[in-house]
Amino acid sequence: MRTKKDFDAVVVGSGPNGLAAAIVLQQAGLSVLLTEAKSSIGGGLRSIELTLPGFIHDVCSAVHPLGAGSPFFARLPLQNFGLEYIYPDVAAAHPFDDGSAALLISSISKTADELLNKHDAAFYNKVMGNLLKDWPLLKNFLLGPLQLPKHPIAAARFGYYGLSSANTFANHHLQGPHARGLWAGMAAHSMQPFANMATSAFALLLLVLGHEKGWPFAKGGSQKIADALSSFFISIGGKIETNFEVRSLQQLPSSHAVLLDVTPRQLLQIAGHNLSSFYSSQLSKYRYGMGVYKIDWALDGPAPFTAKECSKAGTIHIGNTLEEIAGGEKMIYEGGHPKKPFVLFAQPSVFDTSRAPMGKHTAWGYCHVPNGSLENMTDRIEKQIERFAPGFRERILARHTINTSELESYNANYIGGDINGGVQDVGQLFTRPALRFSPYRTSARGIYICSSSTPPGGGVHGMCGYHSAQRALKDIFYERK
């Protein structure tokens, strides 16, 4: 006879994956406690006044193509709990030194036309048209653990291009600077050298999401996503406890399952004595990737980009040519700090007036740095923005910076400033955090990992938590039979 427990399951960590896991378990009729170390829920989904009163900044994630495109989030009535997405006309813009810009627009043909090269336009129309058509067949396969595809032809079409390196793809298929630059900005989200195998998959995924759903902001800030998820969880009977920092499993109430929204390093600290020596050894070898250096700005006006099309874009990829971006990312991977880093820039207040006082604006940006770097990148980032938006610095009212150490202090999952929960290369994408039958099970019965250190990796999609909870549900259901 089963011993009575305080809860059926306890989930540690209230980022998007912890929230997703808690919701899946609670929807299945289990009693679930969700714990959070900070005073507010959200993990990477928090929005606060970082610079001046009335200026709302997203502390971590700001733009949510994967949130809008998440198969699990799409099943939830989050709009009934205050979540509203705002979709800029242009998902992403990529300005060049000559004052022009490549644009990612919902229309594949219009995006292709902006590439200003007949070969590139024809190729883009063909490849992205096929991928968008295949996307309903691919999304669950690509946003889950390693498995045999249910639609092998669609998977093969994606894999043909996606398994190549970003450099190989560009050199074999793209001719003009606009296509190559746009591609480089997308591939840079992999946070790897462009020579690495499968870096093309990141670029293709972001491009197809731009055409399927767009790259939206959450109205009022990313915190609204966490608030909607937590409100829905509570509405179906879930319980949340904040200011509860878990350093050991002994701190937790009794349960049949514990799901930890943490990376391997914290998993070893919290539950190491419960884990096998072999599994612990695997976790200790887990690799973390590049960090980020981030700045939030309070502005007296929108960023004055030379390329006027940028004013319609929610996200701006700043880095000019593929060669410049690829060289910088390679330098960072090797431990250096480029003078002209690739900068990811977002301007939510251009589309969401709730973010700043009337007539004022907020902006958000970061560049990649070596893991654990304490280099001050403020001047380099702002020079890059000024390069494509002359007069930007004159509009700065206040700024807030955060380096890799401060980012990890804010969120323990961001080891060395790594916002993806570990390197997402071929050797550690589907096998994260360890090579096992189920990546979500640990070696200890009833203990699971549900963070971005499991497939499908980083991003505000909740799919790591969803798949981990599904694994726990099968195990718990089997035990109860």
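In what order do the seven strands of the open sheet with mixed pairing stand? The order is β7-β6-β12-β13-β14-β11-β15. Helices (H or I, at least four residues) and strands (E, at least two) are DSSP runs, numbered from the N terminus, and two strands pair if DSSP finds at least two bridges between them. The model is predicted: local features need pLDDT of at least 70, side-chain atom pairs count only at pLDDT 80 or more, and totals for chains, interfaces and linings use all residues. Residues are numbered from 1 along each chain as its sequence is written, and side-chain values use heavy atoms, with hydrogens and water left out.

At the edges of the seven-stranded sheet stand β7 (101-105) and β15 (396-402); each has a single partner strand, so one side of each is left without a neighbour in the sheet. From one strand to the next, the twist averages 20 degrees. Such angles run from 0 to 180 degrees between N-to-C directions, and axes are lines fitted to C-alpha atoms, for helices over the stretch in contact. Within this sheet, β12 (residues 313-318) and β13 (residues 343-346) pair in the antiparallel sense over four bridges. Ile 318 stands opposite Val 343 of β13.

A further open sheet is formed by five strands in the order β9-β2-β1-β10-β16, with parallel pairing. Its edge strands, β9 (239-241) and β16 (447-449), each pair on one side only. Neighbouring strands here are turned by 20 degrees against each other on average, direction ignored. Strand β1 (residues 7-12) runs parallel to strand β10 (residues 255-260), and five bridges join them. Phe 7 has Ser 255 in β10 opposite to it. Helix α9 (residues 223-235) lies across β2 (32-35) and β9, and runs at about 130 degrees to β9.

The next topic is the packing of helices. Two packed helices are described by the angle between their axes and the distance between the axes. The axes of α4 and α8 come within 10 Å and cross at roughly 85 degrees. These two helices, α4 and α8, are therefore roughly perpendicular to each other; angles under 35 degrees count as roughly parallel, over 145 as roughly antiparallel, 65 to 115 as roughly perpendicular and the rest as oblique.

The residues of the contact of α5 with α8 comprise four nonpolar, two polar and no charged.

On a 1 Å grid over the protein atoms alone, a cavity is a set of points where a 1.4 Å probe fits but cannot get out, and a pocket is an open set with protein on both sides within 12 Å along at least five of seven lines; lining residues have an atom within 4 Å of a point. Grid points are joined across faces, edges and corners, and a volume is the space filled by probe spheres set on the points.

Three cavities of 30 Å³ or more are found in the whole structure. The largest cavity holds about 110 Å³ of space. Its lining includes Tyr 124, Met 128, Leu 204 and Leu 207. At least two residues of this lining come from each of α4 (118-142), α7 (177-187) and α8 (199-212), and α4 gives the most, with four residues. The lining of the largest cavity has twelve nonpolar, no polar and no charged residues. The second largest cavity, with a volume of about 60 Å³, has a lining of four nonpolar, six polar and one charged.

The second largest pocket contains about 670 Å³ of space. Of the 29 residues that line this pocket, Asn 140, Pro 145, Leu 146, Gln 147 and His 467 lie nearest its centre. Helices α4 and α15 (463-480) are the elements that give two or more residues to this lining, and α15 gives the most, with six residues.

How values were computed
Contact means heavy atoms within 4.5 Å. Ala, Val, Leu, Ile, Met, Phe, Trp, Tyr, Cys and Pro count as nonpolar, Asp, Glu, Lys and Arg as charged, and the others, Gly among them, as polar.
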